[in-house]
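Thank you all for coming; I would like to take a few minutes to go through one model with you, and I will keep to what can be read from its coordinates.

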Amino acid sequence: SAAGADAARLLARRDAVFAEVQEHYFAEPPVIVRGWREYLIDADGRVTLDTLNNVASIGHGHPRIAAAVAEQWSLLNTNSRFHYPAVVEFAERLATLVPDPLDTVFLVNSGSEAVDLALRLAQAWSSRLDVVAMREAYHGWTYLSDAVSTSTADNPDALATRPEWIHTVDAPNTFRGAYGLDEAHRFAEDAVAEIDRLAADGTPPSAFLSETFYGNAGGMKLPDGYLGAVYAAVRAHGGLAIADEVQVGYGRLGDWFWGFQQQDATPDVVTIAKAMGAGHPLGAVITTREIAEAYRRGGYFFSSAGGSPVSSVVGLTVLDIIRDERLQENARDVGRYLKERIESLGQKHPLLAAVHGAGLYLGSEFVRDRDTWQPATAETAAICDRLLSLGVIAQPTGDHQNILKIKPPMCFSRKSADFLVDALDQVLTTGW
Ligand code: PMP
């Protein structure tokens, strides 16, 4: 078609100015010109269901954000060394979302920056370098956030190429990890043993850092008590517990605003981004006053656009929308319904072996064999291509790229849940 040829020409121009590492979804992606709620509309006017955009937390094209940005932009946009109300109100509002003693906020522009700063805070606090991170993780692309990114999905050498001061512990995956559900407590015991070993060797870690619900690994819930035990161990040796809530936090899990609440554990440092800006570049670190003050030893902190009036207004408006439209409750209710419906598909289709996650952060795991748990990697990629032809945008995640990540805008409706499940059923029934 003419539109197909236009799409191909635009892709060729993209390839000419971008490097190959700057990848795009799908071999033949539609040209997207508009978004509305959980829908994306292409240049042909074709509507696809977006099951992927956790960043567009409040839904695409939200008129309330558009109006708030237009107004603030026309009034004032500057940096946070100037004094204006929005940045104070936004920081106060963020501080009310986290438990005591977390009360001090840094505003940045992305998740990578937030993770980078969190690690710097821990290193300044402890005057140490070493960090313990979880395997199968992605935390960002800056030097420090990349250092703790251990996923082998994009970089098979990831574990072998970490700096020597990065130490990794097993992803506590009770489905395909070293321990099953009845021995799940051993994951925490192993992580604690690694932290104790580092301390005994004279290199106690400055921090333990992980996602609090395992988003990058496919939305796996951590074993109950995991974070409590590991946080206690790192603190016992003078280090900090850092919770990366960039993907899973901010209401998406439905029953919990933060992943660490599911674990009944309170971190020393929380990193956020993505959902908080609904696509506008926004990130934050929330910590205690004492930890934040220790960073003085590391110099000073300033981010030119972090906490700008426009960014702060975006952040405040996103929080208003999440509250007024009851999006966390929607994530809980629609997420529960969606999870049940996908689980029942699994009874019909042996390939669909498990559904991980909570709320509107779900992962459907495809395996070739439910005894060996052999990942169905190629099948998952093909299923995503077939889903696109049926009007659903979905992508794989995890080290084996065999888990369909489902993390749509939090306004996702039951009707959209049905559309997704029916499309998936059709693909699994008719082949891919
Ligand atoms: N932490 C986690 C858990 C993430 O998923 C990501 C992004 N995928 C980041 C950090 C980095 O965020 P950003 O892309 O905004 O730099």
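Predicted model: local features only at pLDDT ≥ 70, side-chain atom pairs only at ≥ 80, totals over all residues.

The protein chain is divided into domain 1, which is made of residues 2-58 together with 326-430, and domain 2, which covers 63-324. Taken over C-alpha atoms, the centres of domain 1 and domain 2 are separated by 26 Å, and the contact between them takes 29 residues from domain 1 and 30 residues from domain 2. If we look at the side of domain 1 that touches domain 2, α11, β11 (352-358), β12 (361-369) and β16 (403-406) each supply at least two of its residues, with α11 giving the largest share, namely five residues. By class, that side of domain 1 divides into 13 nonpolar, eleven polar and five charged residues.

Helix α11, residues 327-348, also packs on helix α13, residues 414-430, at an angle of about 15° and with the axes 10 Å apart. Because angles under 35 degrees count as roughly parallel, α11 is described as roughly parallel to α13, and the crossing of the two is right-handed. On the α11 side the contact involves Val334, Tyr337, Leu338, Arg341, Ile342 and Leu345, which meet Arg414, Ala417, Val421, Leu424, Asp425 and Leu428 in α13. The residues of this contact of α11 with α13 comprise nine nonpolar and three charged, with no polar ones.

For the second pair, helix α3 (residues 85-97) and helix α10 (residues 309-324) pack at an angle of about 40°, their axes lying 8 Å apart, and that angle makes α3 oblique to α10. The crossing of α3 and α10 is left-handed. Here α3 contributes Ala86, Val87, Glu89, Phe90 and Arg93, while α10 contributes Pro309, Ser312, Val313, Gly315, Leu316 and Leu319. Sorted by class, the contact of α3 with α10 has seven nonpolar, two polar and two charged residues.

Note on methods. Residues numbered from 1 in each chain as written. Axes fitted to C-alpha atoms, helices over the stretch in contact; angles between N-to-C directions. Helix = DSSP H or I, 4+ residues; strand = E, 2+ residues; numbered from the N terminus. Parallel < 35°, antiparallel > 145°, perpendicular 65-115°, else oblique. Left-handed = near helix turned anticlockwise from the far one by under 90°. Contact = placed C-beta atoms within 7 Å. Nonpolar A, V, L, I, M, F, W, Y, C, P; charged D, E, K, R; others polar. Domains from an automatic or database assignment.
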